[in-house]
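Reader: I am new to this structure. Please show me how to read it, one feature at a time.

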Amino acid sequence: MNHSNLPFLPFTKPTIDEATISAVGDVLRSGWITNGPKCLELEKSLSDYFGGRTVRCFANGSATMEIALRVANIGPGDEVITTPMSWVSTSNVILAVGARPIFVDIDPRTRNLNLELIEAAITPQTKAIMPVYLSGLPVDMVRLYQIAHQYKLRVVEDAAQALGSSWLGDTIGSANHFPSDLVSFSFQANKNLTTIEGGCLVMNNEIEAILAQKLRIQGVTRTGLDGMEVDVLGGKHNLTDVNAVIGIHQLKQLPDLMQQRQTLATHYFDCFEKTTLIEQGLELPPKDFTNSNWHMFQVVLPIEKLHQLGMNRATVMQKLKDMNIGTGVHYPLINDFKLYRELGYNSNQTPIAQRVGSAILTLPLFPLMTSYDVERVVHALQLVLKEI
Ligand SMILES: *Cc1c(COP(=O)(O)O)cnc(C)c1O
């Protein structure tokens with residue numbers, strides 16, 4: 001396709017079809033607009049998608065992860081091993097339940113938690129591992145659960161970006177060839193499936209689901225027509241039917257949307273291989289078309305060379321923006337934020353994440369793009385990096 005539908009190419013953009021928009025209208029007209037039948041229908045569809053596992057939906061991915069930690073009974077005095085290379089909510093929720101995040105360095109190739117560094121970080125206080133599947137690329141699930149099993153740790157998977165990703169042929173969140181504990185997804189507007197805001201938690205059994213449901217609405221359990229009990233402190237984290245109906249439609253489109261992402265990602269590799277950018281030090285993501293859902297296409301810039309030329313990541317982003325190409329940074333390292341520095345963390349403790357975090361750049365990738373858009377991005381990057 002030798003054209004573009006988007007004069008300015010953002011790094012991402014949701015795909016919402018007319019059937020979805022009209023279904024939202026139907027919910028609004030129905031008179032039942034907060035959580036109700038559409039939420040139940042979405043939970044049922046997701047449960048089917050995850051091979052029959054127990055699923056509940058929540059207002060957003062962050063609330064979903066916090067509830068997952070509470071369901072796993074993680075709280076004050078406990079440590080949770082995680083990665084500093086994530087959206088800050090991953091470790092904010094650990095702090096929110098009163099536990100302590102322990103940041104382990106990443107694998108420079110996958111940019112995910114380096115599983116081989118986990119054992120050295122385990123202490124008697126360690127209760128859980130919270131891996132993040134950056135860009136939708138999972139970690140080695142077999143190894144992850146081997147470690148968890150050996151040290152009797154819970155796993156709370158931050159699979160916010162990994163809906164549709166897989167390992168050994170199993171969809172992340174399902175559990176056939178490897179175990180799976182609590183798996184949290186986000187349906188925020190930028191994710192591969194969106195409900196505008198929303199999330200879901202895949203759990204092990206109905207006992208966990210009942211607790212999650214209570215935590216979702218003020219700890220309330222209803223019985224009969226007039227009975228109500230509150231036996232745990234819950235919050236207000238329910239998903240509305242307006243959001244849920246969007247998710248029902250998105251889930252049906254997910255295979256097609258994923259296929260489009262795959263095709264565009266493949267084209268990125270083909271285009272980059274025709275340039276000298278890789279020899280110039282640009283690092284591409286792992287070429288994993290088996291496991292990844294291609295949530296993002298992230299490159300690592302040759303940052304030292306850029307610095308020698310008086311440039312930095314922001315100047316690269318600005319030059320690309322001037323050529324109508326939007327980019328993003330996912331993510332500034334969590335352990336360098338003021339809140340975290342004041343708690344004694346800093347990115348010197350995770351040097352590989354520090355290097356990758358300072359140079360990582362998210363290029364546009366979303367199903368509405370054309371192959372010509374991919375060519376635009378690669379060409380623009382070639383121009384920006386030509387002096388390197
Ligand atoms: C989006 C995201 C979250 C948080 O999800 P929200 O729905 O925005 O609360 C958490 N972790 C990762 C890795 C994410 O990408």
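Predicted model: local features only at pLDDT ≥ 70, side-chain atom pairs only at ≥ 80, totals over all residues.

Author: Just after helix 7, Gln218 has a positive phi of about 55°.

Reader: What caps the N-terminal end of helix 7?

Author: The cap is Asn205, with a side-chain oxygen 3.1 Å from the backbone nitrogen of Ile207.

Reader: Which residues of helix 7 are buried?

Author: The general idea comes from the turn. An α-helix has 3.6 residues a turn, so residues three or four places apart point the same way. In helix 7, which spans residues 206-216, the buried residues are Glu208, Ala209, Ala212, Lys214, Leu215 and Arg216.

Reader: Now the ligand. Which residues come nearest to the ligand?

Author: The ligand has 17 residues around it, and those that come nearest are Gly61, Ser62, Asp158, Ser186 and Lys191. For contacts, look for N or O atoms within 3.5 Å of each other. A polar side-chain atom of Ser62 is 2.5 Å from a ligand oxygen. For Ser186, a side-chain N or O atom lies 2.7 Å from an oxygen atom of the ligand, and for Lys191 a polar side-chain atom lies 2.8 Å from a ligand oxygen.

Reader: How much of the ligand's accessible area does the protein cover?

Author: On its own the ligand has 380 Å² of accessible area, and the protein covers 93% of that. The ligand takes up the space of the largest pocket.

Reader: Which helix gives the most to the shell around the ligand?

Author: Helix 3 does, with three residues. Helix 3 (61-71) and helix 4 (89-96) each supply at least two. By class, the shell holds ten polar, five nonpolar and two charged residues.

Key. Residues numbered from 1 in each chain as written. Heavy atoms only, no water. Near = heavy atom within 4 Å. Polar contact = N/O pair within 3.5 Å; in protein donor to acceptor, adjacent residues only side chain to side chain. Areas by Shrake-Rupley, 256 points an atom, 1.4 Å probe, with all protein chains shown as cover. 1 Å grid on protein atoms, 1.4 Å probe; cavity = no way out; pocket = protein on both sides within 12 Å on 5 of 7 lines; lining within 4 Å. Sits in = over half its atoms within 2 Å of the grid points. Helix = DSSP H or I, 4+ residues; strand = E, 2+ residues; numbered from the N terminus. Nonpolar A, V, L, I, M, F, W, Y, C, P; charged D, E, K, R; others polar. Buried < 20%, exposed > 50% of the residue type's maximum accessible area, 1.4 Å probe, protein only.
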